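Have a look at the model first, then read on.

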Amino acid sequence: MKCIFCKVDTTHDKSVEHILPESLGNTEHWLPAGIVCDKCNNYFAIKIEKPLLESSYFKLNRSYQEIYNKRGRIPSVPAVFLSKSDSFGAHLSTYGDSLYFQENEDIVKLQNLSNKNTTFKLVMQLPPKCPEPNSMDRLLAKAALEALAYKAINHSLPLDEIVNHDALDPLRNFARYGNGKKWTYHQRSLYDINKVWQDHDANELYQCLHEFDFLYTEDQELYFVLIIFGIEYAMNMGDTDIEGYITWLKEHDNKSPLYIE
Ligand SMILES: [Zn+2]
């Protein structure tokens, strides 16, 4: 078997590759060992996923949505306590309806002062509405190719076609090496991050952290469409532009391809 990114032989590679990081709550969409080589797997984790996960958009949303990382931790939220005469920094973690303070010197000072009946106002940072512009491009390129492999496996199709398909090389190289033309993508807010969905069959409520699928347009363009935290991202797998997607949206009342029968 060959790596779908760098095409090296992966017979002895052992890494399981997650299409989206586990720290974004993805436990179900992953590729077995051998599809992405250990080296590419490691590269994506360090160079592409880590900086994104540490960005304020993802870090704060991971905290407010209480998504545990691989080590079983939730990122803390920076906050400030303000009184008429003082201010103190703090790091807070949210669990259910409670807030937990990370012990530090400022917190000890704050506890001493609050014994003297001082009133403090707590100011917490809220997440930005969306990620930084263009920050998602290589993650989307990586996830797009991996989602294609995921689909092939689930339909018992050979992966060689993905590895050997020349038309996928520009996307592959952009994801893995940042080479060539810069890939653009379409982004829009579809629903609120806290939206609760109802599963009528199981009579259960649930929150959707991510979902994805492919759109094949009449002009024979293949788009990878991904929703994370209610924001929809679309990337053309064969070319760097997204004109075809914008046209498709106009023709379909701006509905998401993920919600069309
Ligand atoms: Zn590789």
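What percentage of the 261 residues in the protein is buried? Buried residues account for 43% of them. Keep in mind that this is a predicted model, so every value here is computed from its atoms.

**The overall picture**

The protein has 7 helices and 12 strands. Along the principal axes, its C-alpha atoms fill a box of roughly 70 × 45 × 40 Å. Salt bridges come to 9 in the structure.

Side chains of opposite charge can pair when their charged atoms come close.

Are its members buried or exposed? Lysine 142 and glutamate 17 are both buried, glutamate 49 is buried too, and so is glutamate 146.

Now for where the partners come from along the chain. Glutamate 49 sits in helix α1 (residues 38-54), so its pairing with lysine 142 in helix α4 links parts that are 93 residues apart in sequence. With glutamate 146 the story is local: this residue and lysine 142 are 4 residues apart in helix α4, so about one helical turn separates them.

**A buried arginine without a salt bridge**

Helix α4 covers residues 137-154 and also holds arginine 138. Which side chain of opposite charge is nearest to arginine 138, and how far away is it? That would be aspartate 137, at 6.1 Å. Arginine 138 is buried yet has no salt bridge; the cut-off for one is 4 Å between a side-chain nitrogen of Lys or Arg and a carboxyl oxygen of Asp or Glu.

What the arginine 138 side chain does have is backbone oxygens to reach. The one of phenylalanine 174 is at 3.0 Å. The backbone oxygen of arginine 176 lies 3.3 Å from a polar atom of the arginine 138 side chain.

**Positive charge on the surface**

For contrast, move to the outside. Lys50, Lys70, Arg71 and Arg73 gather there in a surface patch of positive charge. One of them, arginine 71, lies in the loop between α2 (56-64) and β3 (77-82). Why does arginine 71 count as exposed? Its relative accessible area is 68%, and the exposed label applies over 50%.

**A buried serine**

One last stop is serine 15, found in the segment before β1. Serine 15 counts as buried because its relative accessibility is 17%, where buried means under 20%. Its side chain makes a polar contact with the side chain of aspartate 38, at 2.6 Å.

Definitions and conventions. Residues are numbered from 1 along each chain as its sequence is written. This is a predicted model: local features need pLDDT of at least 70, side-chain atom pairs count only at pLDDT 80 or more; totals for chains, interfaces and linings use all residues. Side-chain values use heavy atoms; hydrogens and water are left out. Patches are made of residues with over 30% relative accessible area and no salt bridge: like charges are joined within 9 Å, nonpolar side chains (Val, Leu, Ile, Met, Phe, Trp, Tyr) within 5 Å. Accessible areas come from the Shrake-Rupley method with a 1.4 Å probe; for residues, only the protein chains shown count as cover. Lys and Arg count as positive and Asp and Glu as negative; His and the chain ends are not counted. The place of a charge is taken as NZ of Lys, CZ of Arg, CG of Asp or CD of Glu. Helices (H or I, at least four residues) and strands (E, at least two) are DSSP runs, numbered from the N terminus. Buried means under 20% relative accessible area, exposed over 50%, partly exposed in between (1.4 Å probe, protein chains only). A polar contact is a pair of N or O atoms within 3.5 Å; within protein, one must be able to donate a hydrogen and the other to accept it, and residues adjacent in sequence count only if both atoms are side-chain atoms.
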